Amino acid sequence: MDRPLRLIAANPLDQLARTLEALLVVAAAPLPMEELCTAADESEERIATALGLLEERYHEGRSGIVLEQVAGGWAFRASRDAAEACARLFERPVQRGLSQAALETLAIVAYLGPVSRPEIARIRGVAADSAVAGLSERGLIAEAGRDDGAGGAVRYRTTSLFERVFALESLSQLPRLDDLGSGPEEIRERLARVAEQRSA
C-alpha cells in the first residue's frame, strides 16, 4: 500500500525533512532558505535536498496540504481540492470583497511601488485614500518611507502577505503590463506612462 506522507526514520535526510516540516508548520509566514538553514543548523545544499523530499510528498493531488515556494520563502498551503472547504471554515476578508478601486490601487502599488497616495490618485484619476486605507488594514500593503519632495507623502509597497495570497514567489512573477489581456485599458496606459517617467 502506498504511504506517500510517511518519512522513514533510518535516513538522516528524512530526519532533517521532518525538522523542516515542523518549522514550516509552526511558522506564521513563509521561511526563506537562510532562516531554514539557521534554525535547522544545516547547509543550504542539505536543506534544499530535504525540501525536495517534502515537495515530493506534499504536492497537488497527493495531499491535503501543498509545499510551495512563495513570498521569498517556503510555506504550506491548502490544496486546491480543499480550498472551498477551507474558505467555509475561515472566511478570509483579505481574499474576499476587494472593490474595483482596491484592485486598481493594489495593481499600482505592486507594479510601481513604493508609491505615494498622490501618485496613485494621479494614475487612477480619483482620490486613493479609502482604497489605500483598506488595503493597509488587510495587510496587503504597508508603509515604505516617505517622498523626498515637499510634503514628504508616505509611500506604500506590497507585503509578503500580498505575495502569499496571490501565490507569487516575488513581484518579478507579476505578468508584464503589456501581456495583460484584460482590465481597464486606461489604467494600463497610465501605469506604463508613470513607469516611463520614473525610469527617465
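The angle I found is about 100°, and the axes lie 10 Å apart. From H2, the contact takes Met33, Leu36, Cys37 and Ala40. From H3, it takes Glu44, Ile47, Ala48 and Leu51. I sorted the residues of this contact by class and got 7 nonpolar, no polar and 1 charged.

**Overview**

I note that this is a predicted model. I read 9 helices and 5 strands in the chain. In sequence order the pattern runs α-α-α-β-β-α-α-β-α-α-β-β-α-α. The chain has 200 residues, and 35% of them count as buried. I looked up the accessible surface too, and it comes to about 11700 Å². Carbon and sulfur atoms hold 51% of that surface. Next I took the contacts between residues at least 6 apart in sequence. Of these, 51% join residues at least 24 apart.

**H1 against H3**

I then turned to another partner of H3. Helix H1 covers residues 12-26, and helix H3 covers residues 44-57. They pack at an angle of about 75°, with axes 9 Å apart. H1 and H3 are therefore roughly perpendicular to each other. On the H1 side I listed Pro12, Leu13, Asp14, Leu16, Ala17, Leu20, Glu21 and Leu24. These meet Arg46, Ile47, Thr49, Ala50, Leu51, Leu53, Leu54 and Arg57 in H3. The class count for this contact is 11 nonpolar, 1 polar and 4 charged.

**Arg57**

Is Arg57 buried or exposed? I found a relative accessible area of 12%, so Arg57 is buried, the cut-off being under 20%. Arg57 sits in helix H3.

**Nonpolar cores**

Which residues have the most contacts inside the largest nonpolar core? I wrote down Leu106, Ile120, Leu135, Ile141 and Phe162. This core has 20 residues. Helix H5 (100-112), helix H6 (117-124), helix H7 (129-137) and strand S5 (154-158) each give two or more residues to it. H5 supplies the largest share, 6 residues.

Phe162 is in contact with Leu106, Ala110, Leu140, Leu168, Leu171 and Leu174. I also found a second, separate core of 18 residues. Among its members are Leu36, Cys37, Ile47 and Ala50. Of these, Leu36, Cys37 and Ile47 also take part in the contact of H2 with H3. In soluble globular proteins, nonpolar side chains tend to be buried together.

**Backbone details**

I checked the backbone last. Most residues other than glycine have a negative phi, and most peptide bonds are trans. I noted two local features against that background.

Where is Asp41 found? Asp41 lies in the loop between helix H2 (33-40) and H3. Its phi is near 55°, a positive value in a residue other than glycine. Asp41 counts as exposed, because its relative accessibility is 69% and the cut-off is over 50%.

Which residues does a cis peptide bond join? The pair is Gly113 and Pro114, with omega about 0°. Pro114 is in the loop between H5 and strand S3 (115-116).

Terms used. Residues are numbered from 1 along each chain as its sequence is written. This is a predicted model: local features need pLDDT of at least 70, side-chain atom pairs count only at pLDDT 80 or more; totals for chains, interfaces and linings use all residues. Side-chain values use heavy atoms; hydrogens and water are left out. Helices (H or I, at least four residues) and strands (E, at least two) are DSSP runs, numbered from the N terminus. Buried means under 20% relative accessible area, exposed over 50%, partly exposed in between (1.4 Å probe, protein chains only). Contact means heavy atoms within 4.5 Å. Accessible areas come from the Shrake-Rupley method with a 1.4 Å probe; for residues, only the protein chains shown count as cover. Axes are lines fitted to C-alpha atoms, for helices over the stretch in contact, and angles run from 0 to 180 degrees between N-to-C directions. Angles under 35 degrees count as roughly parallel, over 145 as roughly antiparallel, 65 to 115 as roughly perpendicular and the rest as oblique. Ala, Val, Leu, Ile, Met, Phe, Trp, Tyr, Cys and Pro count as nonpolar, Asp, Glu, Lys and Arg as charged, and the others, Gly among them, as polar. A nonpolar core is a set of buried Ala, Val, Leu, Ile, Met, Phe, Trp, Tyr and Cys residues joined through side-chain atoms within 4.5 Å. Lists of a residue's contacts leave out its neighbours within four places in sequence.
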